[in-house]
Amino acid sequence: MNNPIRLYMSMSLDGYIAGPDDRPGQELGRDGGRLFNWLDDRHSDGPSGQVYREALATGALISGRRTFELAGRWQGDHHDGVPIFVLTHKVDDGDVPPGHARFVTEVEDCARQARAAAGDRPVMVHGAGAAQALLRAGQLDEMEIHLVPVLLGDGRRLFEHLGSDHIELDLVRRLEDRDVTHLRYRVRRLEEAA
């Protein structure tokens with residue numbers, strides 16, 4: 001696959017990507033920052049540094065609207081000026097996203113635009129809502145899950161509203177590092193899963 005659409009998400013062992021009460025001023029929820037301790041090693045030569053460099057080498061970003069807002073809209077620049085495609089249900093009149101961001105209301109169109117903008121580089125995905133919408137539409141190719149050995153017990157789950165359809169995954173890479181296991185899965189297409 002030339003430029004996969006790939007989810008990058010830190011997650012607790014019990015499936016949470018944020019602690020309870022995630023909101024502006026407490027964007028990761030209570031105790032949700034624990035999921036990102038592995039970023040202390042992002043500049044290392046080890047596995048976490050490798051994964052971080054790969055994430056920043058992506059050529060475009062797809063984000064869910066909630067993630068985009070909680071992140072302060074990244075002031076219009078997530079990394080290196082790559083285009084940001086914000087998947088949203090509606091766009092309010094006069095709401096113009098900053099910098100390199102734009103709103104898109106249709107999942108397949110969002111995926112198409114992001115792939116074209118990324119050229120031959122992968123597309124990064126952030127946010128549970130965007131990940132679930134892309135999965136349901138058959139547009140998510142890979143998932144890079146940064147699995148953290150903690151049980152948060154409550155908060156926002158990554159796949160809580162995905163639906164009841166069965167989705168097969170192939171583990172294509174596993175990297176162990178201090179306080180995290182980086183797992184990359186390829187999403188099997190319907191014709192492959194049968």
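This is a predicted model: local features need pLDDT of at least 70, side-chain atom pairs count only at pLDDT 80 or more; totals for chains, interfaces and linings use all residues.

Biologist: Fine. In which sense do strand 1 and strand 7 pair, and over how many bridges?

Modeller: Parallel, over seven bridges. Strand 7 covers residues 142-148. Within that pair, serine 10 stands opposite histidine 146.

Biologist: What about strand 1 and strand 6?

Modeller: That pairing is also in the parallel sense, over three bridges. Strand 6 is residues 123-126. Isoleucine 5 stands opposite valine 123 there.

Biologist: Is strand 1 buried or exposed?

Modeller: Buried. Eight of the eight residues in 5-12 are buried, so strand 1 is largely enclosed by the rest of the structure.

Biologist: Zoom out. What is the strand order in the sheet?

Modeller: The order is 5-4-3-6-1-7-10-9, in an open sheet of eight strands with mixed pairing. Strand 5 (101-104) and strand 9 (169-177) are the edges, each pairing on one side only. On average, neighbouring strands are turned by 25° against each other, direction ignored.

Biologist: How do strand 7 and strand 10 run?

Modeller: Antiparallel, joined by six bridges. Strand 10 is residues 180-187. Glutamate 144 stands opposite arginine 184.

Biologist: Last one. Which strands does helix 1 lie across?

Modeller: Helix 1, residues 47-56, lies across strands 1, 6, 7, 9 and 10. It runs at about 125° to strand 9.

How values were computed:
Residues are numbered from 1 along each chain as its sequence is written. Side-chain values use heavy atoms; hydrogens and water are left out. Buried means under 20% relative accessible area, exposed over 50%, partly exposed in between (1.4 Å probe, protein chains only). Helices (H or I, at least four residues) and strands (E, at least two) are DSSP runs, numbered from the N terminus. Two strands pair if DSSP finds at least two bridges between them. Axes are lines fitted to C-alpha atoms, for helices over the stretch in contact, and angles run from 0 to 180 degrees between N-to-C directions. Contact means heavy atoms within 4.5 Å.
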